[in-house]
Amino acid sequence: MMKENVTDTLLRVLEYRDVYTRGHTDRGVFYALKIGENMGLSTKELEYLRMGGMVHDVGKIAIPDVILLKPGKLTKEEFEIMKLHVSLGYELVKGSEIPKEALDVLLYHQEKYDGTGYPFGLRGEQIPLLARIYTVADSFEAMTSRRIYKKAKSWEQAFKEMEELASTHFDPDVVSYAIRTLQSLKYVEISPSHVNQEIEKIRWNFQYMDPTGAIRGDLFLPALKAFMEQKDSFCLTVFDINNLTQINLQRGWEAGNEALKRLVWAINLQCCSMHDIKDVILKLMKEDVIDIMSPVIFRIGGDEFAVIAPYIPPQEKVLGVVKSMKEIGVDIDYLQMSYPSTFSSYDEVLDRIFSFTKRKLIGLYNITPWQRLSLLSSSMPNILESLPLLVVFP
């Protein structure tokens, strides 16, 4: 049995860290080699291009999960950390069997033709040719791939964007070759992932499962966008605990936490068929929303939960949630909407959710200063989360 070299080991580790990155790499390498062949690269140069492309993102092994797996656009601060993957990757493999020409692809694939890239701000032909080729292939792959937070561009849209970015982000000569090459392609064969799906489920579950049993709010907006992009009708129901503040004050934060968990349990029982949430999270992260046939519950604030359902739950189901919570002293309000009949745009639905939940901000100031102080000191574990998180969403 042949021993696995260091590079292959690192690539397997990266695949276990982030399955998307491995697929992204395989497609990018495929495109780059096709472009390189049409540009007349030698067999040796093509091998350097392949090796460099395979390891170009290996530094992401060292990027924290909270950034690497974030289902949305990175903040400025997060992006600065993500940019370190280039230098980190170079440090990981620079002493290996990988030749300098291939390492150059890793080290310079984020440089831009006009000098505004990183990590060195090189411009034009200061950037090695193989890196210029891989930059175009890598960007084309990213443009045409769907992520949970963005819709994939069509190939024609990607070609247009590449032409617009020629001479700024990309070498214009490479762009010309790339478009001619890619227009002739009909099928991209990618090796299947080697990651055990059950292991993948556990990892995603740890990242995005809320302590209440719902899916964390980080995935709500990307999932909402993904459902709307399907253009199929669906229902959105928002549940809000009106008296969590009082429960925290009168019975303590442990009782408040129990009320939150009980609400999720009641919603699942009445509306969500008690499905395996780990499967749902995995589908969301793989952008397979079209395969989600059961309602999905998200915690969108401290005491607000949203349910996206491919059908409108019968009114008695929703009222069943309200009734079961009332029996244990928890007062619930709800807002139910459907796409596209009662909302048709992303901004419209966010405005309606915010209008429904913003009463909490007003209600907090209707209690006495002593009660506020008592609340923050004795009930801190959940009241700091009970203000609507939607107020910070873009």
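The accessible surface of this protein comes to about 19400 Å², and 55% of that belongs to carbon and sulfur atoms. Those areas are from the Shrake-Rupley method with a 1.4 Å probe, and for residues only the protein chains shown count as cover.

Before I go on: this is a predicted model, where local features need pLDDT of at least 70, side-chain atom pairs count only at pLDDT 80 or more, and totals for chains, interfaces and linings use all residues. Residues are numbered from 1 along each chain as its sequence is written, and side-chain values use heavy atoms, with hydrogens and water left out.

Of the 394 residues, 49% are buried, meaning under 20% relative accessible area; exposed is over 50%, and partly exposed is in between (1.4 Å probe, protein chains only).

Now the secondary structure. There are 20 helices and five strands; these are DSSP runs, H or I of at least four residues for helices and E of at least two for strands, numbered from the N terminus.

Take helix 10, residues 172–183. Its 12 residues should span 16 Å at 1.5 Å a residue, and the end C-alpha atoms are 17 Å apart, which agrees. The expected span is 1.5 Å times one less than the number of residues. Which residues of helix 10 are buried? They are Val-174, Val-175, Ala-178, Ile-179, Thr-181 and Leu-182. These cover an arc of only 165° around the axis, so they sit on the same side of helix 10. That arc is taken over the directions from the helix axis to the C-beta atoms.

Last, Ile-81. This residue lies in helix 5, residues 76–82, and is partly exposed, at 35% relative accessible area.
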